[in-house]
Amino acid sequence: MSPIEITLLLLLFATVMFVWERIPLALTAVIVCLALVLTGVLDPKTAFNGFINTNVILFVGMFIVGGALFETGMANRIGGLVTRFAKTERQLIVAIMVIVGLLSGVLSNTGTAAILIPVVIGIAAKSGFSRSRLLMPLVFAAAMGGNLSLIGAPGNLIAQSALQNVGLEFSFFEYAKVGLPLLAGGIIYFAFFGHRLLPAGSSKAVTGVTEATHDFSSVPKWKQITSLMVMIATILGMVFESAIGVPLHITACVGAAFLVLVG
């Protein structure tokens, strides 16, 4: 078999396994890399070069920084702010989209949506509004918010890697030139028109959707504040990368290491 045929077969295998999810997705990816090496299509250095890419290191560091925000309950507190100021369904939709959109821009948009879904389900239960009418805007806001910064979505860093190969790169908030108007337009649309098209539903439990939320009452307040301050400091370090002379991935790793060291 030619290298092209082998590559196409492995691509088909990866696609099927990603959809089937019989084994973990990460394991599927590693199997493909190993298969490309064992069949001689790629040499080991080329096959695993992406594992030491600076953008991968950046993502790992930011997952830890963002994880601290979620694990300490600070993200839940931020999400819970919507109930203080939003009383009507339309106000709740706008508030949820603003908070989720902004958090998705500086953290993982997928992680932000996953963590805040139980928060919004709880808000729906307390307010009596349909959870489906609140969750749909949350998902759209997370998708649009991922376009605010370099680390908002995996695709952003993939594009960054491609540019770096030709000696170019995006700045931290380069995507916001398009992403911010997109997010603002999406929020305005849902506020005035989109909410009328949202599916009608009840606030009762839906099969397959959990209302379980974590109890963060035992988490010391200083940990919550520290997680927020480190995230802000990390983002500021990335914004002013050229001024301080520290690469993005190093800034992310410093923030992650500090959070681990302070427990």
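Reader: How much accessible surface does the chain have?
Author: About 14600 Å², and 71% of that belongs to carbon and sulfur atoms. Keep in mind that this is a predicted model.

Reader: OK. What secondary structure is there?
Author: The chain has 14 helices and zero strands.

Reader: And how far does the C-alpha trace span?
Author: About 60 × 45 × 40 Å along its principal axes.

Reader: What share of the residues is buried?
Author: Buried residues make up 40% of the 263 in the chain.

Reader: Which residues have the most contacts inside the largest nonpolar core?
Author: Leu-58, Met-231 and Met-238. That core has 52 residues. Several helices give two or more residues to it, including H4 (54-71), H12 (221-239) and H14 (248-261). H7 gives the most, with eight residues.

Reader: What does Leu-58 touch, beyond four places away in sequence?
Author: Ile-151, Leu-157, Met-238, Leu-248, His-249 and Ala-252.

Reader: Switching to Ser-104. Where does it lie?
Author: In helix H7.

Reader: Is Ser-104 buried or exposed?
Author: Ser-104 counts as buried, because its relative accessibility is 0% and the cut-off for buried is under 20%.

Reader: Which residues is Ser-104 in contact with, leaving aside neighbours within four places?
Author: Asn-109, Thr-112, Ala-142, Gly-145, Gly-146 and Gly-152.

Reader: Last one, charges. How many positive and negative?
Author: The chain has 14 positive and 10 negative charges. Their mean positions are 17 Å apart.

Notes:
Residues are numbered from 1 along each chain as its sequence is written. This is a predicted model: local features need pLDDT of at least 70, side-chain atom pairs count only at pLDDT 80 or more; totals for chains, interfaces and linings use all residues. Side-chain values use heavy atoms; hydrogens and water are left out. A nonpolar core is a set of buried Ala, Val, Leu, Ile, Met, Phe, Trp, Tyr and Cys residues joined through side-chain atoms within 4.5 Å. Buried means under 20% relative accessible area, exposed over 50%, partly exposed in between (1.4 Å probe, protein chains only). Helices (H or I, at least four residues) and strands (E, at least two) are DSSP runs, numbered from the N terminus. Contact means heavy atoms within 4.5 Å. Accessible areas come from the Shrake-Rupley method with a 1.4 Å probe; for residues, only the protein chains shown count as cover. Lys and Arg count as positive and Asp and Glu as negative; His and the chain ends are not counted. The place of a charge is taken as NZ of Lys, CZ of Arg, CG of Asp or CD of Glu.
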